[in-house]
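Let's take a friendly walk through this protein, one piece at a time. Have the picture ready and follow along.

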Amino acid sequence: MMTGDRIVSDAAASGDPATDHSRAAGIAAAWRRERPGTPTESIEIVTPVWQLAKLFADDRNRVLREAGIDAATLDLLSVIRRSGPPYALSTREIAARTLVTAGAISQRVARAERDGLVRRAPGATGRRTVLVNLTPEGHALIERSVDAVLGREATLVSCLSAHERTAFITLLDKLMADVRRRTAPEER
């Protein structure tokens, strides 16, 4: 005889999307059965969020490979491209906008410069300021890559209506703000 958990696991392994909620609900029910009083209300939210994040990440990595770009280079070129003409930012601005350390930005810029995607030039505001500009090759690569990534991701969320997307965005913002607040290191 199969247990409820085994049936849920087998159904989830089949790849049937209708079982995703059942799987998380089965996990929560098993914990409630085995450990009454254990807080399980997060399982049916957090488990699918982790699974969805993994699906999105794996799919994005596949699209990036096909486009001939890695995530770090996409991040660098995207932040410069979104800055608008003349498509140049200081390394400090890039670090602030990407939330990546200055050292990591320096490595990303050096690699992209070696690949002919960006050029470094002295900034006008001081001797230590370095501006990073997109080259024509970098501009063309980011245009192709953004179309590929965002087009694919638009397809992945197309099952949601405009109203559902708005509601989902609102709920995600609410949850994100509260989780950030609850997980932020205490100021002393």
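## A serine on the inside

Ser-145 touches Ala-67, Ile-69 and Leu-74, leaving out residues up to four places away in sequence; contact here means heavy atoms within 4.5 Å. You will find Ser-145 in helix 7. Helices (H or I, at least four residues) and strands (E, at least two) are DSSP runs, numbered from the N terminus. Is Ser-145 buried or exposed? Ser-145 is buried, with a relative accessible area of 0%. Buried means under 20% relative accessible area, exposed over 50%, and partly exposed in between, using a 1.4 Å probe and protein chains only.

A word about the model itself: it is predicted, local features need pLDDT of at least 70, side-chain atom pairs count only at pLDDT 80 or more, and totals for chains, interfaces and linings use all residues. Residues are numbered from 1 along each chain as its sequence is written, and side-chain values use heavy atoms, with hydrogens and water left out.

Helix 4 (residues 71-82) packs against helix 7 (residues 136-156) at an angle of about 105°, and their axes are 10 Å apart. Axes are lines fitted to C-alpha atoms, for helices over the stretch in contact, and angles run from 0 to 180 degrees between N-to-C directions. That makes helix 4 roughly perpendicular to helix 7 (angles under 35 degrees count as roughly parallel, over 145 as roughly antiparallel, 65 to 115 as roughly perpendicular and the rest as oblique).

Which residues of helix 4 meet helix 7? They are Leu-74, Leu-77, Ser-78 and Arg-81, and their partners in helix 7 include Ser-145, Val-146 and Val-149.

Now look for the open sheet, whose three strands have the order 1-3-2 with antiparallel pairing; two strands pair if DSSP finds at least two bridges between them. Strand 1 (88-90) and strand 2 (118-122) stand at the edges with a single partner strand each, so one side of each has no neighbour in the sheet. From one strand to the next, the twist averages 30°.

Three bridges join strand 1 to strand 3 (residues 130-134), and Leu-89 has Val-132 in strand 3 as its bridge partner. Helix 5 (residues 91-98) lies across strand 1 and strand 3, at about 90° to strand 1.
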